[in-house]
Amino acid sequence: MREHGRSGLSWERLRQRADLMAAIRAYFAACGVVEVDTPSLRITCASDPHIPALAVGEAAEPQFLQSSPEALMKCLLAEHGRPIYQLGKVYRAGELGRLHQPEFTMLEWYRPGWSMQNLMDEVVAILRLVEPAVTQVDTVDWRSVFVDHTSLEPEADRHALAQRAAGLGVSRQLLETADPRALRDLLFSHCVQPTLGQDRPVFVTGFPAEEAAFARLDPADDTRALRFELYWAGVELANGGEELTELDAWRRRASADLEYRRRAGLPVMAIDADWVAALELGLPAASGVALGVDRLLMCALGANAVGHVMPFARD
Amino acid sequence: MTTYATNQFKSGLKILLDGDPYTIVENEFVKPGKGQAFSRVRVRNLKNGRVVEKTFKSGDTVEGADVMELDLQYLYYDGEFWHFMEPVSFEQYSADEVAVGDNKIWLKEQDVCKLMLWNGSPISVEPPNFVELKVTETDPGVRGDTSGGGGKPATLETGAVVRVPLFVEEGELLKVDTRTAEYVSRVKE
């Protein structure tokens, strides 16, 4: 339990945080990626139903603390077509635990003209800022690791997924109401995720199209998204991919998210007019990624919780 | 009836699962990269002490368990139930064999015990950490041996059997740690 008035961090830890931020800025400065600082407060927020937005202000006209700088960074990409990064605080309502704080530091960057693979190589360069011993990072296929650790195919029917989940000690309410996708999330987070990147960091790719978020689908196999996640010691560190640039496809996905929110009784925010305008103006082909800076520091220092590397973290 | 959403989970919270009262030992927020969030909790069954893991979908609700802890004075055993009394209100409670369990060997009349009540009925009885009990049976004492080395079994007035030093005699009053079932010292009456 943190004492009032105390940061909970040693001076050494505070220095290590500062050193990492300085190293990130020095890295990008050296390769011509420009820092931007888009607003944290906007009238809409991420449509992803599983990203709970933190609403502030009057209930009649709520504003949202941003869960990521994605939308406005895409506007800058459409407007200027240059590589950019943002290093700053982002917010999630109700996320608190060993790996979660309601406010945390995110590094998000975009590389116009780069493939997903190019960007993954650059993510490794960022990892090396804290852990120079990391030279090579393996890539595993989402479907293969799912099968390896659950003995089930992710396309298995609801009954089979539920039967596997029941063995994990799952509440009856969850078992009875979860759709196949939720059960798959459950199995991935309980059976697969803890095993990922135990010896050294690992990328997961080959996510199914319904988990594409706003990444484009693989032109060679449109059941898969060109998206990756980075894991280290069972902790998800980064999430990126090749950006979706077609407005129609974007509208379909955003509407599906909002429809899901409506059905689930979650807040339904407005379609992001800035993001739509960026797509209308024309988003260049680009890859982008968001990386949790606190988690990176936590893994590099061998800490057990993000709160142990963040000043004034919540219990 | 109280219900709790997963974001209210914290250690010590008493909840009802599959009809049994549990206390939350540890709560972890689990979330895959993209997708549903879950609450994974370690919970202890308040009736049998067993610890299990359980996963909930974030936002799910569970019923709170109407559990409270009371300090009650032990009165007597009637052959079926152990009777306790609240020292201020004089309200009486009776605990059955399941609730008292292995702790029955530490219950001495007048001692104040911690009882956990679920829906008003005792489900567990915790004796004081130290109790003073008379030796009813042990081998004759070895005079002059105050080293405490070696030792021998002694049966106490409640039926408990503890290892005591060789010098302990029948009829003596002993202080015993109920958590470890170990002899602490002799007590002067």
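Two strands are taken to pair if DSSP finds at least two bridges between them, strands being DSSP runs (E, at least two residues) numbered from the N terminus. The structure is a predicted model, in which local features need pLDDT of at least 70, side-chain atom pairs count only at pLDDT 80 or more, and totals for chains, interfaces and linings use all residues. Residues are numbered from 1 along each chain as its sequence is written, and chains are lettered from A and ligands numbered from 1 in the order in which they are written.

The model scores ipTM 0.84 and pTM 0.82.

In chain A, strand β5 (residues 84-91) is mostly covered, with 6 of its 8 residues buried; a buried residue has 20 or more other C-beta atoms within 10 Å of its own, the C-beta atoms being placed from the backbone. β5(A) pairs in the parallel sense with strand β1 (residues 34-35) of chain A over 2 bridges, and A:V34 has A:I84 of β5(A) as its bridge partner. β5(A) is also joined by 8 bridges to strand β6 (residues 103-112) of chain A, in an antiparallel arrangement. Within β6(A), A:F104 stands opposite A:V90.

The contact between the chains (C-beta atoms, placed from the backbone, within 7 Å) takes 26 residues from chain A and 19 residues from chain B. On the side of chain B that touches chain A, β3 (20-30) and β5 (51-57) of chain B give two or more residues. The largest share, 6 residues, comes from β5(B).

Terms used. Two residues are in contact if their C-beta atoms, placed from the backbone, lie within 7 Å. Helices (H or I, at least four residues) and strands (E, at least two) are DSSP runs, numbered from the N terminus. A residue is buried if 20 or more other C-beta atoms lie within 10 Å of its own, exposed if 12 or fewer, and partly exposed in between; C-beta atoms are placed from the backbone.
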